[in-house]
Amino acid sequence: MLETRGLCKNFGALEVAREVNFRLELGARHALIGPNGAGKTTFVNLLTGVLAPSRGSILLEGEDVTALAQAKRVKRGIARTFQINQLFRGLTVQENVCIAVSERLGVGGAMLRSAGQRADVLAEAARLIEMLKLGNDTGRRIIELPYGRQRLVEIAIALGLSPRVLLLDEPAAGIPSAETHILLDAIATLPKDIAVLIIAHDMDRVFRFAERITVLVSGAVFAEGTPQEIAANREVRAVYLGSALDA
Ligand SMILES: Nc1ncnc2c1ncn2[C@@H]1O[C@H](COP(=O)(O)OP(=O)(O)O)[C@@H](O)[C@H]1O
Ligand SMILES: [Mg+2]
């Protein structure tokens, strides 16, 4: 579905991506983990076109998209959530999700009001809002919501784009642990043909669903395998996970 070949990114002398060869398979449930500063967010920024690589290439379904602009990649089916909120904060939950859905349906050029009045847009937005258990907040503005709820709205928006590849950058960050199950349930109910890459900085329960794990250290792929293989990997434990796996 998505592949990188020899992907490199430097910020001055700092190498944040080093020859990253990575494959996200069709329908994957893949986790990318690594310590803070390992280059995980940078990698997502390279995949989505926020940043241009210093070297190497990115392929979507075998086609080179390295030079493709961010918006065009979204249209090709790559959606992501941000680690930091990027919502229309003065608008309601429903309006935010409607904007994403109407973008996808090609009515994004219409004014928000008319987009929000389209029955198909409203129905799809309502379904996503319900999926993220945001029904009670649908008419509230983003600024009125607790941070954890805002993060759930971000995911509803990403899903509103009906992506084929969904990149979730630390989706559980800031969500109270009592509410992370909403996120996990939503991820679990995603259509099987969406390829999901979930970024986390440790083996937290957000990616217990992962079938494959890549460990990034200092911008390079340090290990890759099944969760069992990663959990049993002594080097991974030594450099990074430490006692987290013993729990
Ligand atoms: N725009 C930038 N300019 C310079 N350095 C950056 C920039 N973005 C990130 N970095 C640096 O790149 C490294 C990797 O950052 P990041 O990708 O955010 O790591 P992670 O998401 O794994 O915590 C860090 O050392 C960070 O300070
Ligand atoms: Mg990050």
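This is a predicted model: local features need pLDDT of at least 70, side-chain atom pairs count only at pLDDT 80 or more; totals for chains, interfaces and linings use all residues.
Trainee: Is H3 mostly covered or mostly uncovered?

Mentor: In general, an α-helix has 3.6 residues a turn, so residues three or four places apart point the same way. In this case H3 is mostly covered, with nine of its twelve residues buried, among them Val93, Val97, Ile99 and Val101, but also Gln94, Asn96 and Ser102.

Trainee: In what order do the six strands of the open sheet run, and which of them stand at the edges?

Mentor: The order is E6-E7-E8-E3-E9-E10, with mixed pairing. Strand E6 (78–81) and strand E10 (220–225) are at the edges, and each has a single partner strand, so one side of each lacks a neighbour in the sheet. Neighbouring strands are turned by 20° against each other on average, direction ignored. Helix H6, residues 147–160, packs on this sheet, where H6 touches E6 and strand E7 (165–169) and has a direction at about 175° to that of E6.

Trainee: In which sense do E9 and E10 pair?

Mentor: Strand E9, residues 212–217, pairs with E10 in the antiparallel sense over five bridges, and Val221 in E10 is the bridge partner of Leu216. The loop between E9 and E10 holds Gly219.

Trainee: Is Gly219 buried or exposed?

Mentor: Burial is judged by counting other C-beta atoms within 10 Å, with 20 or more needed; Gly219 has 24, and is therefore buried. Its contacts beyond four places in sequence are with Glu15, Val16, Ala17, Arg18, Ala38 and Gly39, and its C-alpha atom is separated by 8.4 Å from that of Glu19, although the two residues are 200 apart along the chain.

Trainee: Which residues surround ligand 1, and which element gives the most to the shell?

Mentor: The residues around ligand 1 include Phe11, Leu14, Val16, Ala38, Gly39, Lys40 and Thr41. Strand E2 (14–24) and helix H1 (40–48) each supply at least two residues of the shell, and H1 gives the most, with three. By class, the shell has four nonpolar, six polar and one charged residues.

Technical notes: Residues are numbered from 1 along each chain as its sequence is written. Chains are lettered from A and ligands numbered from 1 in the order in which they are written. A residue is near a molecule or strand if its C-beta atom, placed from the backbone, lies within 6 Å of it. Helices (H or I, at least four residues) and strands (E, at least two) are DSSP runs, numbered from the N terminus. Ala, Val, Leu, Ile, Met, Phe, Trp, Tyr, Cys and Pro count as nonpolar, Asp, Glu, Lys and Arg as charged, and the others, Gly among them, as polar. Two strands pair if DSSP finds at least two bridges between them. Axes are lines fitted to C-alpha atoms, for helices over the stretch in contact, and angles run from 0 to 180 degrees between N-to-C directions. Two residues are in contact if their C-beta atoms, placed from the backbone, lie within 7 Å.
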